[in-house]
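Colleague: I would like to learn how to read the main features of this model, one at a time. Could you take me through them?

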Amino acid sequence: MKILVTGGLGFIGSHTVVELQNQGFDVIIIDDLSNSSLEVLDGIFRITGKTPAFEKLDLREKKAVQDFFKRHPDVSGVIHFAASKAVGESVENPLLYYENNICTLVYLLQELQKKPKANLIFSSSCTVYGQAEKMPITEEAPVQQAMSPYGNTKQIGEEIISDVVNVTNINAILLRYFNPIGAHPSAEIGELPIGIPQNLVPFITQTGIGLRKELSVFGDDYPTADGTCIRDYIHVVDLAKAHVVALQRLMEKRNTAKVETFNVGTGTGSSVLEVIQAFEKVSGQKLPYKIVSRRSGDITEAYANTDKANAVLGWKSQSTLEEALASAWKWEQKIRN
Ligand code: WQD
């Protein structure tokens, strides 16, 4: 049985392809290369010894999606990463996000519903919770008014899937990621942000390597212990492994509902200043930074209650914040040398 990984050359996608191959799955990747490169295929090969099948394809092309599934009738499971994911860009260009994140999901589901049975793992995000009332955040926390079109596409995606599974033979698991960071310990694959990184950890490692002058900390006047925002930073390899166990759950028919939702985090919150301190410890160097004003749209605090993923999925994150940062630093040093 073949597993389709859309966006499989991206940051989380590529790490998930490695873990799928490690578990003996036959993988085919679709990627439009808008935010990734073919060299990632070589990196995957260097880790697993197997080059996954790959097709460059833009999922916005409905006919191309139909033709793909005609050519690959043996695809029985899909892990769907392909989407645009920059919060700020989504505010400036909402239609790009609604087309690229929603239309593509519809075309994918239209093909999956033709199969006698199909399993879908959907890449969602803790952003659907907005600023949750209670920490740590459980899956029962209410989905709140999205703070950005990007966040809205994740909420809409979840709703579309919930509607579709009820009238088709598709089973789905929604994985709500917290903050993925780090890189494969081999440093053969990792995060490849294009341009100025929007996310904290790649900006930190690029500052550490000297590509950026200093990190701007977006506000230290939040109602937290040290005034900076708190997030749940999870090693990307731990996150990748969660996708494999979720897929296996569906393939072995252990799911107890047509759609199940899991928070995927470490269960621990870390402030921006704590991340800086941890990076300085693992890199052995001071990180230049300055405190600036808040970034609009940021929430104060978000970290996961992982009881359900631990108990039901049988999955738990393994890496510490320092280990994740050390892997990110190792990767940054490798790609810059
Ligand atoms: C983390 C913290 C910033 C950069 C977003 C998306 C989420 C997911 C992960 C896709 C915040 C602070 C950051 C910087 C800073 N994306 N920061 N200086 O915003 O929690 O989540 O990325 O799935 O859906 O919403 O992650 O890394 O951008 O920010 O001070 O240069 O670091 O204010 O508190 P975020 P982030």
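Modeller: We can begin with the annotation: an unreviewed UniProt entry assigns "domain: NAD(P)-binding" to residues 4–325, where UniProt positions follow the numbering used here, feature names are shortened, and annotations may be inferred rather than shown by experiment. This is a predicted model, in which local features need pLDDT of at least 70 and side-chain atom pairs count only at pLDDT 80 or more, while totals for chains, interfaces and linings use all residues. Residues are numbered from 1 along each chain as its sequence is written, and side-chain values use heavy atoms, with hydrogens and water left out.

Colleague: How much helix and strand does the chain have over residues 4–325?

Modeller: Helices (H or I, at least four residues) and strands (E, at least two) are DSSP runs, numbered from the N terminus. Over residues 4–325 the chain is 38% helix and 18% strand, with the end C-alpha atoms 30 Å apart.

Colleague: How is the protein chain divided into domains?

Modeller: Domain bounds come from an automatic or database domain assignment. Here domain 1 comprises 2–181 + 235–264, and domain 2 comprises 200–231 + 267–304 + 318–336; their C-alpha centres lie 26 Å apart. Their contact (heavy atoms within 4.5 Å) takes 12 residues from domain 1 and 16 residues from domain 2.

Colleague: What is the area buried between domain 1 and domain 2?

Modeller: Buried area is the accessible area (1.4 Å probe) that two parts lose on being put together, summed over both. Between these domains it is about 1,300 Å², with carbon and sulfur atoms giving 66%. Of the area that domain 1 buries against domain 2, Met135, Ile181 and His235 supply 39%, more than any other three residues. Met135 is also joined to Pro136 by a cis peptide bond, with omega about -10°, and Pro136 lies in the loop between strand 5 (118–125) and helix 6 (149–165).

Colleague: At what angle do helix 9 and helix 11 pack?

Modeller: Two packed helices are described by the angle between their axes and the distance between the axes. Axes are lines fitted to C-alpha atoms, for helices over the stretch in contact, and angles run from 0 to 180 degrees between N-to-C directions. Helix 9 (residues 272–283) and helix 11 (residues 321–336) pack at about 60°, their axes being 9 Å apart. Among the residues that meet are Phe279 and Val282 in helix 9, and Leu325 and Trp329 in helix 11.

Colleague: Where is Leu33 found?

Modeller: Leu33 sits in the loop between strand 2 (26–31) and helix 2, and its phi is near 60°, a positive value in a residue other than glycine.
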